[in-house]
Amino acid sequence: LCWTTRWVKKKRIRGVGEWSSYGGKRRYETSLSGMKEESGGKNKVSYKTITEPLDEKDYYVKIGIEVHAQLACATKLFSAAPISFMATPNSTVAPFDIAIPGTLPQLNKRSVELAIKAGLAFQGRINPISRFDRKHYFYSDLASGYQITQYFQPIVTGGTVFIQNPTTLERKPIRLIQIQLEQDS
């Protein structure tokens, strides 16, 4: 479970973005939606660290939560190695899991089916095209040095989860940004 905190400007104007906490410093994000990068044609996002105090009356707090769920599958997302929580250490691995050169990922069809079912259950948009990306970082059980994940083109975008107050029975909608598949150890 992860969370992010952002200070969002109450009155959005073109070229004005969001404050976020990053590496112990406040960062101001501006998305220049009208300007395109010369290579690639994507929207530019610029970051700058601001040292002046934040005028909180012009902003409100926006808190996001990232939730991870284990899918009920017999094998891992990108290999035929079985999933077993009580197995002997290092006994449920395949060549791809330990980054043997030349091995390629094989997508688990059941995982895709379950992600689509989750998207439909949460009334999200099932994207006709989704893509996997590499997220490079070092982690002790990540032999390849990168994680295969979906960020830029996830399998599901949008959706809603409803929570209910047990006392008043009032339901509150919680908006989802995306549902994505990603490699785990």
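## Helix α1

Ser111, Leu114, Ala115 and Gly119 are the buried residues of α1, where buried means under 20% relative accessible area, exposed over 50% and partly exposed in between (1.4 Å probe, protein chains only). They lie on the same side of α1, because they cover an arc of only 140° around the axis; the arc is that of the directions from the helix axis to the C-beta atoms. The face turned away from this buried side carries the exposed residues Lys109, Lys117, Leu120 and Ala121. Helices (H or I, at least four residues) and strands (E, at least two) are DSSP runs, numbered from the N terminus.

The cover over the buried residues of α1 includes β6, β9 (156-157) and β12 (178-179). With 13 residues, α1 reaches 19 Å from its first C-alpha to its last, close to the 18 Å expected at 1.5 Å a residue; the expected span is 1.5 Å times one less than the number of residues.

## Basis of the model

This is a predicted model, in which local features need pLDDT of at least 70 and side-chain atom pairs count only at pLDDT 80 or more, while totals for chains, interfaces and linings use all residues. Residues are numbered from 1 along each chain as its sequence is written, and side-chain values use heavy atoms, with hydrogens and water left out.

## Nonpolar core

The largest nonpolar core has 10 residues, among them Leu77, Phe78, Ala115, Ile155 and Leu181. Such a core is a set of buried Ala, Val, Leu, Ile, Met, Phe, Trp, Tyr and Cys residues joined through side-chain atoms within 4.5 Å.

Leaving aside neighbours within four places in sequence, Leu181 is in contact (heavy atoms within 4.5 Å) with residues including Ser111, Val112, Ala115 and Phe132.

## Aromatic pairs and charges over rings

The whole structure holds 2 aromatic pairs. Rings of Phe, Tyr and Trp (its six-membered ring) pair if their centres lie within 6.5 Å; planes under 30 degrees apart count as stacked, over 60 as edge-to-face and the rest as tilted. Phe78 and Phe132 form an edge-to-face pair, 5.2 Å centre to centre with 80° between the planes. The two residues are 54 residues apart in the chain. Phe78 is buried at 7% relative accessible area, whereas Phe132 is partly exposed at 28%. Tyr151 and Phe152 are also edge-to-face, with centres 5.1 Å apart and planes at 90°.

The charged end of Arg134 sits over the ring of Tyr146, 3.8 Å from its centre, and that of Arg171 over the ring of Phe162, at 4.3 Å. The criterion is NZ of Lys or CZ of Arg within 6 Å of the ring centre and within 35 degrees of the ring normal.
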